[in-house]
Amino acid sequence: PADAPLSFDYNSWGRPLVRWTIDARGDGVLSISEDGVKGQGDAATLKTVRFAAGVDGYREVRRQLAPVERYAGKEIPCTLQITDMPYGAIRWGAVSTAFNHGCKSPEADTVEDALEAALDRVTEFAKAAEAQQPAR
């Protein structure tokens, strides 16, 4: 559905690195490893930030994910070339698509670029929300 909540999970070796959700109102949550997306520490500590991006923010993220959404509920065409790369799933409501950064093809590269753009935008929403929080 056009107003389905979006969610994203990104993991490495069974350890969560990033999780985010955003609903059609633009209300969202970002949880990200304090080691960063490429963190490889022994245990991931996730920092969680709530944000309000508004309807336009939701639509922007949805547009960024359009190249991925064509694979919703399907596999992304690729050849698995590297077996120990980060992996995860993107969801549009109850429909999901798994991805693996070790999966290489022109289609997988397009998906990776779209996922990175969406993560960057969600991270910007979270940083803006943090900046508005009173100092502790």
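Reader: Hey, where does A53 lie?
Author: A53 sits in the loop between β4 (46-52) and α1 (54-64). Keep in mind that this is a predicted model.

Reader: OK, and which residues is A53 in contact with, leaving aside its neighbours within four places in sequence?
Author: That would be I22, G26 and F125.

Reader: What about D9, how far is that from A53 in space?
Author: From C-alpha to C-alpha, A53 and D9 are 19 Å apart, and in sequence they are 44 residues apart.

Reader: Switching to the whole thing: how many helices and strands does the protein chain have?
Author: The protein chain has 3 helices and 8 strands. Going along the sequence, they come in the pattern β-β-β-β-α-α-β-β-β-β-α.

Reader: How much of the protein chain counts as buried?
Author: 40% of the 136 residues count as buried. As for the accessible surface, it comes to about 7,800 Å², and 50% of that belongs to carbon and sulfur atoms.

Reader: What share of the contacts comes from residues 24 or more positions apart?
Author: Taking contacts with a separation of 6 or more, 57% of them are between residues 24 or more positions apart.

Reader: New topic, rings! How many aromatic pairs are there?
Author: The count is 5 aromatic pairs. One of them is Y10 with F99, which is stacked, with 6.1 Å centre to centre and 20 degrees between the planes.

Reader: Why does that pair tie together parts that are 89 residues apart in sequence?
Author: Because Y10 lies in strand β1 (residues 6-12), while F99 lies in strand β7 (residues 95-100).

Reader: Are those two buried or exposed?
Author: Y10 has 9% relative accessibility, so it counts as buried. F99 counts as buried too, at 8%. The cut-off for buried is under 20%.

Reader: Which residues do ring pairs link into a cluster?
Author: F8, Y10, W20 and F99.

Reader: Last one: how many positive and negative side chains are there?
Author: There are 16 positive and 20 negative side chains in the protein chain, and the centres of those two sets lie 4 Å apart.

Conventions. Residues numbered from 1 in each chain as written. Predicted model: local features only at pLDDT ≥ 70, side-chain atom pairs only at ≥ 80, totals over all residues. Heavy atoms only, no water. Phe/Tyr/Trp six-rings, centres within 6.5 Å; stacked < 30°, edge-to-face > 60°. Helix = DSSP H or I, 4+ residues; strand = E, 2+ residues; numbered from the N terminus. Buried < 20%, exposed > 50% of the residue type's maximum accessible area, 1.4 Å probe, protein only. Contact = heavy atoms within 4.5 Å. Areas by Shrake-Rupley, 256 points an atom, 1.4 Å probe, with all protein chains shown as cover. Lys, Arg positive; Asp, Glu negative; His and termini not counted. Charge placed at Lys NZ, Arg CZ, Asp CG, Glu CD.
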